[in-house]
Amino acid sequence: MFGNFFNRMYYGDPRRPDLKADDIPKKGVSLFFDILKNNFWQLISLNLLLIVSCIPIVTIGPALAGFNNVLRNHALNRNVWLWNDFKDGFVKNFKQSFIITLINALAAFILINNYKIYSSYSTGFIKIAGSYITIFIGFILVLMNVYIYPLMVTYDLKIKHIYKNALIFSIIKLPQTIGIVLLSLLLFGLCILFAFIPLIVIGFSLVGLAINVYDRSVFEKYIDSRVNQGDKKMEDKPENQ
C-alpha cells in the first residue's frame, strides 16, 4: 500500500492524462506569438481603434490607456472584448493618462530645447556636459515609458508612484528594457520601410503587445509576488485572543 503511495508521489499517477501543450501557461516569446496567432484580426482592429482615438490630440493619453488595457488583458490570458476593454481603460484612466501624457510632452519639449541650447555653444565643458546630461535624461525617460502605461492600467497607483516604479524597473532591468526599446525601434523601422502601411495596420499593436507581455513577467516577479506574500501573511497572522 505504502509502496504504491510513494510511487505515485515520485512518478505521478499513471491514470492521470498527460499534460497537453495548451495546458501549460505560456510566457515571453511563446506567449507573444500565441496571442498574435489567435488574435491577429483583433490586433489589427485595436491598431485602427488607437489611431482613430488619437485624432483629437487631447485624447492621446486616454487612448493609450485603453490600448494598453486591452493588451494587458491579452498578456494575462483573459477573455478580451475589444471595445468594452478599450472603453474601460479609456474612461477609468482618463485623468491620470491625460496628466501623464502632458508630463511626457512637456519633458520632451524641455529636453529638446535644452539640447538645442547646449549644442549652440561652440566648444567647452558646458556644451559637452549639458548635451550628454540632456541625452541621458531623455534616454531614461524613454525607458520609463516601457512601464508607465501598463503600470497605470494594472495597479491603483498615484502618478508619482507610477513614475517611481517605472524608474526603478528601468534601472534594475536595464538590459531587458533597452532590448524592448530596440525591438520597438526595429519594428517601427520595418514599418517605415514599407511606406508606413504596416504601422497603420498592425505596427502599434505589435509593439504594444511586446511591451505588455514583457511587463507582465516583471510585474509578476516584483509586484504581484510581494502582494500575494503580504496577503498570505495576513491570512496566517493569528487573531488576538
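**Close-up views of a predicted model**

**View 1. A nonpolar patch lies on the surface.** Leu48, Ile192, Phe196, Ile197, Ile200 and Val201 form this patch, with about 530 Å² of accessible area together. Patch residues have over 30% relative accessible area and no salt bridge; like charges are joined within 9 Å, and nonpolar side chains (Val, Leu, Ile, Met, Phe, Trp, Tyr) within 5 Å. Areas come from the Shrake-Rupley method with a 1.4 Å probe, and for residues only the protein chains shown count as cover. This is a predicted model: local features need pLDDT of at least 70, side-chain atom pairs count only at pLDDT 80 or more, and totals for chains, interfaces and linings use all residues. Residues are numbered from 1 along each chain as its sequence is written, and side-chain values use heavy atoms, without hydrogens or water.

**View 2. Helices contribute to the patch.** Helix α11 gives the most, with three residues. Ile192 sits in helix α10 (residues 174-193). Helices (H or I, at least four residues) and strands (E, at least two) are DSSP runs, numbered from the N terminus. Ile192 is partly exposed, at 46% relative accessible area. Buried means under 20%, exposed over 50%, partly exposed in between (1.4 Å probe, protein chains only).

**View 3. Salt bridges link Arg216, Glu220 and Asp224 in a network.** In a salt bridge, a side-chain nitrogen of Lys or Arg is within 4 Å of a carboxyl oxygen of Asp or Glu. The count is two. Arg216 meets Asp224 at 2.8 Å, N to O. Arg216 also pairs with Glu220, with the closest N and O atoms 4.0 Å apart.

**View 4. Glu220 and Arg216 share helix α11 (residues 197-236).** They are four residues apart, so about one helical turn separates them. Arg216 is buried, at 7% relative accessibility. Glu220 is partly exposed, at 30%.
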